[in-house]
Amino acid sequence: MMHADTFASALRFAKNGQPEPAIAAFEKAGQLGDASAMAELATWLLRGDLIPRDLSRARIALRRAVEIGHVDAALLEVALTANGTGGPCNWHSALGLLETAAKTDPVARQHIEIIHAMNLGSDGYPRRLPPAEVLSQSPYVVRFRGAVTPAECLHIAGVGHPLLEPCVVVDPVTHRPIAHPIRTSFSATIGPAQETLPVAALNRRFAALTQTPLQNGEPLQILKYATGQEYKLHSDALPGATNQRTVTAIAYLNDGFGGGETDFPLANLRIIPRAGDIIAFTSTGVDGALDLLSRHAGLPVTGGIKWIATRWIRQAEFNAWISNMNQ
């Protein structure tokens, strides 16, 4: 546990606009073997609110925390190594870090078991993909049956569950996330710092299935719809975005509930969710303009609870560390 004096000293410097002395307070504690101090420093450097964000420096602090023996820092280092935060995107190194952590950490061991069952290549991408079933040509909608295993579905929902909050949409005037009555579900954003290695592998699977670059995807969104909740007719494209959403991929994490179909009324297409299936569809045409036929709805759940994982894919690389969704 970090010494209270270390935290108080660093916080005082940070509030006085002195980031370097704040960092030095943590680093001094780290030199004395305080793993929690280095993990806290990494958190501050990732958040960028108390001191300026420095992703590369955060990785260095994490490495020191792990060397001293901080378990949670080890899993965070795995995530950032896999998604390339503060350094190169390196699946091989991330897997090695997770295997090391799994020797003493039961959570890391669970993650390794899921990864080993995924049949992945050395880059974390799937060696084989399920066949594509084209459901519509305009808009282009495709389904991949059984693309996510029951164990993977359970893991993904479990990662998102503690982060669930009421859903938001992007305000067309302010371009900021706001609560909106047409979307009444709960959602969780699995950002770069929350990704487990199985989640990172799923993001690579989405990229492979949609034939899009991994770096173009937004953070994975976990959505939970209780009875009566829905997402009314909408487009996934964002108003005024310079880096537009072009493709959406949805993984159905469960079934056995009533209603909750994904409905494309202008394309006369209604998809019944089935656990493990992934659907993908385009939101824009070849000219980059919004495809009105891609407007869709998540119909009301009439009984039970519906879980899905959604990844919106942009036209170009997306920086998950920038809060402005209109980038």
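The largest cavity has a volume of about 130 Å³. A cavity here is a set of points on a 1 Å grid over the protein atoms alone where a 1.4 Å probe fits but cannot get out; points are joined across faces, edges and corners, and a volume is the space filled by probe spheres set on them. We're working on a predicted model, where local features need pLDDT of at least 70, side-chain atom pairs count only at pLDDT 80 or more, and totals for chains, interfaces and linings use all residues. Residues are numbered from 1 along each chain as its sequence is written, and side-chain values use heavy atoms, with hydrogens and water left out.

**Exercise 1.** Work out what lines the largest cavity.

*Solution.* 
- Step 1: collect the lining residues (an atom within 4 Å of a point). There are 16, with Tyr 225, Tyr 231, Ile 250, His 296 and Ile 308 nearest the centre.
- Step 2: assign them to strands (E, DSSP runs of at least two residues, numbered from the N terminus). E7 (220-225), E8 (231-234), E9 (245-252), E14 (296-298) and E16 (306-314) each supply at least two, and E16 gives the most, 4 residues.

**Exercise 2.** Find the second largest cavity and say which helix gives the largest share of its lining.

*Solution.* 
- Step 1: search the whole structure, which turns up 2 cavities of 30 Å³ or more.
- Step 2: list its lining, which includes Ile 114, Met 118, Glu 152 and Arg 205.
- Step 3: bring in the helices (H or I, at least four residues).

Methods. 1 Å grid on protein atoms, 1.4 Å probe; cavity = no way out; pocket = protein on both sides within 12 Å on 5 of 7 lines; lining within 4 Å.
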